[in-house]
Amino acid sequence: MSRPIEFDRQEVLLKAMMVFNQKGYAASSIQDLLDAMGLNRGSLYAAFGDKRALYMEALNLYERLSVDGFEGFLSAGESPIRNIQAFFDMTFLGLAQEQLRAGCFFVNTIVEMTDIDQDLVDTAGSKLDRLEAALEKALERAQETGELSRDKDPVAIARFLGTAIKGLRVTCKQNQDKEVIGNIIKTALSVLEN
């Protein structure tokens, strides 16, 4: 009886996540995933189930890698407004063209899977909702510290900035010009001015 192949689950899942994010669900063949993950078909199915289950697990990994860090970043330090500005700069101006072109796995999922798999759309959407909740919390803290006027609505601004993030993710797939992106960011963040 042969021994099952051992592998680092998180490492191979990260490779699958990259394939899915680059190609999308439909265009990622099982062979593409096997090649990237370095697994054989039996090991993939034994460890992850089917392609859709692998995709769902990749979405969960993306959440741990991106949203968890985003929440921590926004809650750190003395200036929530500077943290929000720094997040936009790092996310859109600090990335290489190929990273910008790849986009956000959650946004890519919603765009591709709408009208195909509502459960995947809802899952990706709920993970994006965590980003808006973190923005809302940071904006409330900014009001407490006097950085943001009490006349402003943190919920509405968080939703607007969340929408700006999603829109920028799609825009960057088509246009990676940092000057254009910077102007969009500057306009979006003008809602934070007192």
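At 48% relative accessibility, L65 counts as partly exposed, a class lying between buried (under 20% relative accessible area) and exposed (over 50%), with a 1.4 Å probe and protein chains only. The model is predicted, so that local features need pLDDT of at least 70 and side-chain atom pairs count only at pLDDT 80 or more, whereas totals for chains, interfaces and linings use all residues. Residues are numbered from 1 along each chain as its sequence is written, and side-chain values use heavy atoms, without hydrogens and water.

A search of the whole structure returns 10 aromatic pairs, a pair being rings of Phe, Tyr and Trp (its six-membered ring) with centres within 6.5 Å, classed as stacked for planes under 30 degrees apart, edge-to-face over 60 and tilted for the rest. One of these is the edge-to-face pair of Y25 and Y55, with 5.1 Å centre to centre and 90° between the planes. Because Y25 lies in the loop between α1 (9-23) and α2 (30-37) and Y55 in helix α4 (residues 51-75), the pair ties together parts that are 30 residues apart in sequence; helices are DSSP runs (H or I, at least four residues) numbered from the N terminus. Y25 is buried at a relative accessible area of 18%, and Y55 is likewise buried, at 1%. F87 and F88 also form an edge-to-face pair, at 5.8 Å centre to centre and 85° between the planes, and both residues are buried.

Y25 and Y55 belong to one aromatic cluster that also holds F20, Y62, F105 and F106.

Definitions and conventions. Helix = DSSP H or I, 4+ residues; strand = E, 2+ residues; numbered from the N terminus.
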